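Dear colleague,

Please find the structure below, handed over for your use. My notes on what was found in it follow directly after.

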Amino acid sequence: EVVSAPTLLAYGLGVEIGAALVYLRRLRLANDEPMAVQDTYLPRALCPDLLERIGQSPSLFALLREVYHLRLARSSNAAEAALATEEEARLLGMTLPAALLITEQITYLDNGQPVEFVRSAYRGDRYRLTVKR
């Protein structure tokens, strides 16, 4: 759906408060098992008819590159542990209390402009975070 940017998302995406954002909620599966719930926000100005096109490609990033000619360059990421909300537990097939690995990512274009904010809630019993430096 299209939503208005609240203050924190406006700041993170470099848009005005109240700007139109495309909001996608996706349930990520592996072998038909729920693994993560992802909430994605993109400035509508960069992909105005994304909601009509989202089913045309198996990859959101491929759609952004191929249809909107956006050159994705880098991302910044943060991770933390949290307890699942009732809705997250229901979507992920978990019993409360349930541990989650939460990641937040901002994806940037090659000109430095933020194009995407994603909050992912991964099942804590099925994921491990590995960082190589």
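The loop between β2 (20–30) and β3 (33–43) contains N31. In this predicted model, the phi angle of N31 is near 55°, a positive value in a residue that is not glycine. N31 counts as exposed because its relative accessibility is 76%, where the cut-off for exposed is over 50%. D32 is also located in the loop between β2 and β3. Although D32 is not a glycine, its phi is positive, at about 65°. With a relative accessibility of 69%, D32 therefore counts as exposed.

The peptide bond leading from L96 to P97 is cis, and its omega is near -5°.

The largest nonpolar core has 13 residues, of which L42, C47, L50, L64 and L70 touch the most other members. Two or more residues of this core are given by each of β2 and α3 (60–66). The largest share, three residues, comes from α3. In soluble globular proteins, nonpolar side chains tend to be buried together.

Apart from neighbours within four places in sequence, C47 is in contact with V22, L42, L64 and Y68. Another core, of 10 residues, lies apart from the one described above; L9, A10, L13 and Y108 are among its members.

Yours sincerely

Conventions:
Residues numbered from 1 in each chain as written. Predicted model: local features only at pLDDT ≥ 70, side-chain atom pairs only at ≥ 80, totals over all residues. Heavy atoms only, no water. Helix = DSSP H or I, 4+ residues; strand = E, 2+ residues; numbered from the N terminus. Buried < 20%, exposed > 50% of the residue type's maximum accessible area, 1.4 Å probe, protein only. Core = buried A, V, L, I, M, F, W, Y, C linked by side-chain atoms within 4.5 Å. Contact = heavy atoms within 4.5 Å.
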